[in-house]
Amino acid sequence: PYVDTFFRTRRERADTAVMGSSMGGLFSFFAAWTRSDVFGKAACLSSSFWWNRRWMVRETEKDFCPLPPPLFYVDSGAARNATEEDANLRDGYHHTMALRKALVGHCYVPGMNLHVLAFPGHRHDNASWAARLGIPLQLLFPPGS
């Protein structure tokens with residue numbers, strides 16, 4: 001309500017998105033998942049789906065789907081080497097894929113209301129997120145929308 005009061009906005013759910021990276025990506029996913037009446041879209045870059053023993057992944061595995069389901073863009077970096085020990089180089093890829101599996105098991109269809117991308121060689125850092133920021137922005141707010 002504060003933003004809508006002081007800024008020129010489109011107030012409809014279809015025009016309202018939330019975006020974040022790392023814990024902000026987890027929070028963005030949670031906001032759209034629990035308040036799909038408000039947030040029609042969410043972009044989650046390198047989200048901390050590992051947090052609290054994959055709590056958000058477990059929540060999405062339950063027999064529940066938000067109605068209407070929000071559009072999700074979810075991404076992560078990925079290690080180029082399967083035995084990589086540096087967590088920043090792995091960027092939670094396997095946790096992101098676990099979330100994808102949980103979503104596709106319910107009401108999500110890849111390429112329609114779910115877009116999950118991996119970026120080999122991208123780290124869990126601001127430079128990597130900045131390099132791919134244009135992708136979710138174009139997906140969530142295509143030209144002419």
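This report describes the packing, the disulfide and the aromatic pairs of a predicted model.

Local features are taken where pLDDT is at least 70 and side-chain atom pairs where it is 80 or more, while totals for chains, interfaces and linings use all residues. Residues are numbered from 1 along each chain as its sequence is written, and side-chain values use heavy atoms, with hydrogens and water left out.

Buried here stands for under 20% relative accessible area, exposed for over 50% and partly exposed for what lies in between, with a 1.4 Å probe and protein chains only. In soluble globular proteins, nonpolar side chains tend to be buried together.

Leu 103 is in contact (heavy atoms within 4.5 Å) with Phe 29, Trp 33, Thr 60, Tyr 108 and Leu 114, leaving aside its neighbours within four places in sequence.

Helix 3 (residues 51–61) has Met 56, Val 57 and Thr 60 as its buried residues. These residues lie on the same side of helix 3, because they cover an arc of only 90° around the axis, the arc being that of the directions from the helix axis to the C-beta atoms. An α-helix has 3.6 residues a turn, so residues three or four places apart point the same way. Helix 2 (23–34) and helix 5 (93–104) are included in what covers the buried residues of helix 3.

Ala 32 lies in helix 2 and counts as buried, because its relative accessibility is 0%. Not counting residues up to four places away in sequence, Ala 32 touches Phe 39, Ala 42, Pro 70 and Phe 72.

The structure holds one disulfide (a pair of cysteine sulfur atoms within 2.5 Å). Cys 65 and Cys 107 form this link, with their sulfur atoms 1.4 Å apart, and it is right-handed, with 60° about the S-S bond. Since Cys 65 lies in the loop between helix 3 and strand 3 and Cys 107 in the loop between helix 5 and strand 4 (114–120), the pair ties together parts that are 42 residues apart in sequence. Cys 65 counts as buried at 16% relative accessibility, whereas Cys 107 counts as partly exposed at 28%. Cys 44 is in no disulfide, and the nearest cysteine sulfur, that of Cys 107, is 15 Å away. At 0% relative accessibility, Cys 44 counts as buried.

## Aromatic pairs

Nine aromatic pairs are found in a search of the whole structure. Rings of Phe, Tyr and Trp (its six-membered ring) pair if their centres lie within 6.5 Å, and planes under 30 degrees apart count as stacked, over 60 as edge-to-face and the rest as tilted. Two of these pairs are set out below.

| Pair | Class | Centre to centre | Angle between planes |
|---|---|---|---|
| Phe 30 and Trp 55 | tilted | 5.9 Å | 45° |
| Phe 72 and Tyr 108 | tilted | 5.6 Å | 45° |

The pair of Phe 30 in helix 2 and Trp 55 in helix 3 links distant parts of the chain, 25 residues apart. Phe 30 is partly exposed at 36% relative accessibility, and Trp 55 is partly exposed with a relative accessible area of 27%. Phe 72 in strand 3 and Tyr 108 in the loop between helix 5 and strand 4 are 36 residues apart, and their pair also links distant parts of the chain; both residues are buried. Phe 72 and Tyr 108 belong to one aromatic cluster that is formed with Phe 29, Trp 33, Phe 49 and Phe 64.

## Ser 46

Ser 46, in the loop between strand 2 and helix 3, counts as buried at 0% relative accessibility. Its side chain is joined to that of Asp 91 by a polar contact of 2.6 Å; such a contact is a pair of N or O atoms within 3.5 Å, in which, within protein, one must be able to donate a hydrogen and the other to accept it, and residues adjacent in sequence count only if both atoms are side-chain atoms. Not counting residues up to four places away in sequence, Ser 46 touches Ser 22, Asp 75, Ser 76, Gly 77, Asp 91, His 124, Trp 129 and Arg 132.

Note on methods. Helices (H or I, at least four residues) and strands (E, at least two) are DSSP runs, numbered from the N terminus.
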